[in-house]
Amino acid sequence: MSTKQVRILVLVCSTRPGALGPAVGTWLTQTITPRAAELGAELVPLSLADLDLPFLDEEEHPSAGVYRHEHTRRWSAIVDAVDGLIVVTPEYNYGMPASLKNALDYLSSEWAWKPVGFISYGNTSAGTRAVQHAKQVVTTLRLVPLGATVALRIADVVRDGHVRPAAAAGQAAIGVLDELVRVAHALRPMRERARPTSQAGPEPGSYLRRLTPDDAPEVTVLQRCCWVDEALANDPLTVPALHESVEQVREWLADWHAIGLWRDGRLLGMVRTRRDDTEWHVGRLGVVPDLRGRGLGRWLLHEAEAAADPACRHIVLSTGAGSRNNIALYQSEGYRPAPRPGDDGTIRLTKTPLAIG
């Protein structure tokens, strides 16, 4: 399971003046906030009344992702930044409110592979018919509705003008949060692979995306398993990648442009690059041991080279002097040993832009 924090949009859907929705949303947020902290989840409360979306007024189809209006771009950014959502909805005439349907219709790819839980409220059916109506729509958008729900009957929860559900409703709301966080973690690879910034990798089902400081735990694990052979082939055993803490990895991930090859939530390989004057430096090229010999390292090296700044005169990398396999790979790709000041047990190899294929 992913170790990254989950961001959850708590969306209050009624826009009617004097609606009960904001009070229900406040009760929900207060009830689940302590549990969210335990789970490492961040809650993002939002009311559609505050968002003030007009009826869908975009000329292009939402699937095109071409948004002409600022209100659409703002709504897109909010949804794109979260990993799942809890919808607080009333029931209007056996269905969900038009405000919710309109908000859903505005977007397309931003919804994909995110779990959605429902907290409904109403009279006779406690809003359950609105939820059933909404589920037909959200599944079309590739949102994943949860099995856990909370249905509040207004006559039972409103006391002296305040929303005060029984303790069992609070426990049910926590159950919705628990399930949503688990599903959000499980669906993260699907969300990442579907993002426009990701590209298909060479292994079936794999994808390439930029690594961020949030990926430090996975990168640390990859380094520990990848650089053991490097350490054994070189003396002394002082390979930095084997000794870095998660915080040290987090720091260099903020400074380098690092890319990772992923599949089903597993980091299969990585490489990092950055410019230093007229040199394009490549480093930390590694592939998990069980997938070596399948060309993934060479493929990642080509991706790192393709990202080189046009102003750079050389691509530069280093490896242990005893790492014969690494050296053979780099030389087969046109790299040649170059003088390097000092003696730290590594050799420096360079490649000129004219040799870059």
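Predicted model: local features only at pLDDT ≥ 70, side-chain atom pairs only at ≥ 80, totals over all residues.
Residues are numbered from 1 along each chain as its sequence is written. Local features need pLDDT of at least 70 and side-chain atom pairs count only at pLDDT 80 or more, while totals for chains, interfaces and linings use all residues; side-chain values use heavy atoms, leaving out hydrogens and water.

Me: Which residue forms an aromatic pair with Y330?
Reply: Rings of Phe, Tyr and Trp (its six-membered ring) pair if their centres lie within 6.5 Å; planes under 30 degrees apart count as stacked, over 60 as edge-to-face and the rest as tilted. For Y330, the centre-to-centre distance is 6.1 Å and the planes stand at 65°, an edge-to-face arrangement. The partner is Y335.

Me: Is Y335 buried or exposed?
Reply: Buried means under 20% relative accessible area, exposed over 50%, and partly exposed in between (1.4 Å probe, protein chains only). Y335 has a relative accessible area of 0%, so Y335 is buried.

Me: How far from the ring centre of W256 does R272 lie?
Reply: A charge sits over a ring if NZ of Lys or CZ of Arg is within 6 Å of the ring centre and within 35 degrees of the ring normal. R272 lies over the face of W256, and its distance from the ring centre is 3.9 Å.

Me: Which residues does Y330 contact beyond its neighbours within four places in sequence?
Reply: Contact means heavy atoms within 4.5 Å. Y330 itself is buried, at 7% relative accessible area. Its partners are L285, L301, L317, T319, Y335 and L349.
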